[in-house]
Amino acid sequence: MTNKQIVEKATTIGEKYFKDNYGVEVEFVDSQVMASYVTTRVVLYGHIISREEDKVDISLDYRNFEVTGTSTPLDLKKINDE
C-alpha cells in the first residue's frame, strides 16, 4: 500500500470517527505516514469544519487502521453511546 493509499483510507476512517464519536465534521489538511521501521502509524492533522481554529488530529495504525489516539479542543466532548 502506498503512502497516498494509506492517507486516503485513514482520512475516510478519521472523518467517520469524529462524526460518530464527537458529532462533528472535520477536514484533514496534512498527514504524516511514519516509516514502518519506526512505527506503523499515520497521523492526520486538521480542524472542525466551519471552526478552523479548532484543531484536531488522529493517529491510526496502518496495518489494521485502528485508531490509536486523538487530539481535540478541550471543549469537544465525546457523544455518549446509547
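What you have is a predicted model, in which local features need pLDDT of at least 70 and side-chain atom pairs count only at pLDDT 80 or more, while totals for chains, interfaces and linings use all residues. Residues are numbered from 1 along each chain as its sequence is written, and side-chain values use heavy atoms, with hydrogens and water left out.

Let's start with helix α1, which covers residues 3-22. Helices here are DSSP runs of H or I with at least four residues, strands are runs of E with at least two, and both are numbered from the N terminus. A10 lies in this helix, and at 0% relative accessibility A10 counts as buried. The word buried means under 20% relative accessible area, exposed means over 50%, and partly exposed is what lies in between, with a 1.4 Å probe and protein chains only. The areas themselves come from the Shrake-Rupley method with a 1.4 Å probe, and for residues only the protein chains shown count as cover. For a sense of scale, A10 and E52 are 42 residues apart in sequence and 20 Å apart in space, C-alpha to C-alpha.

K4 is exposed at 60% relative accessibility, whereas E8 is partly exposed at 45%. Another salt bridge links K16 and D20, and there the closest N and O atoms are 2.4 Å apart. K16 and D20 are separated by about one helical turn because they are four residues apart in α1. K16 counts as exposed, at 53% relative accessibility, while D20 is partly exposed at 43%. Then there is K19, which forms a salt bridge with E25, the closest N and O atoms being 3.7 Å apart. K19 is partly exposed, with a relative accessible area of 41%, and E25 is partly exposed too, at 48%.

Now for the strands. Strand β1 takes in residues 26-33, and β1 pairs with β2 in the antiparallel sense over seven bridges. Two strands pair if DSSP finds at least two bridges between them. To find your way across, look at D30, whose bridge partner in β2 is Y45. Strand β2 (residues 41-48) is mostly covered, with six of its eight residues buried.

On we go to β3, residues 51-61, which pairs with β2 in the antiparallel sense over eight bridges. H47 stands opposite K55 in β3, and I48 stands opposite R51 in β3. These two strands make a hairpin with two residues between them. In the turn is S50, with a positive phi of about 75 degrees although it is not a glycine. Most residues other than glycine have a negative phi. At 70% relative accessibility, S50 counts as exposed.

The next hairpin is that of β3 and β4, with four residues between the strands. β3 and β4 pair in the antiparallel sense over five bridges, and L60 stands opposite V67 in β4. F65 lies in the loop between β3 and β4 (66-71). F65 has a positive phi of about 60 degrees, and it is not a glycine either. Here the side chain's setting is another matter: F65 is buried, with a relative accessible area of 9%.

Last stop, the surface. E15, E27, E52 and E53 form a negative patch there. Patches are made of residues with over 30% relative accessible area and no salt bridge, where like charges are joined within 9 Å and nonpolar side chains (Val, Leu, Ile, Met, Phe, Trp, Tyr) within 5 Å. Asp and Glu count as negative and Lys and Arg as positive, with His and the chain ends not counted. The place of a charge is taken as NZ of Lys, CZ of Arg, CG of Asp or CD of Glu.

Definitions and conventions
A salt bridge is a side-chain nitrogen of Lys or Arg within 4 Å of a carboxyl oxygen of Asp or Glu.
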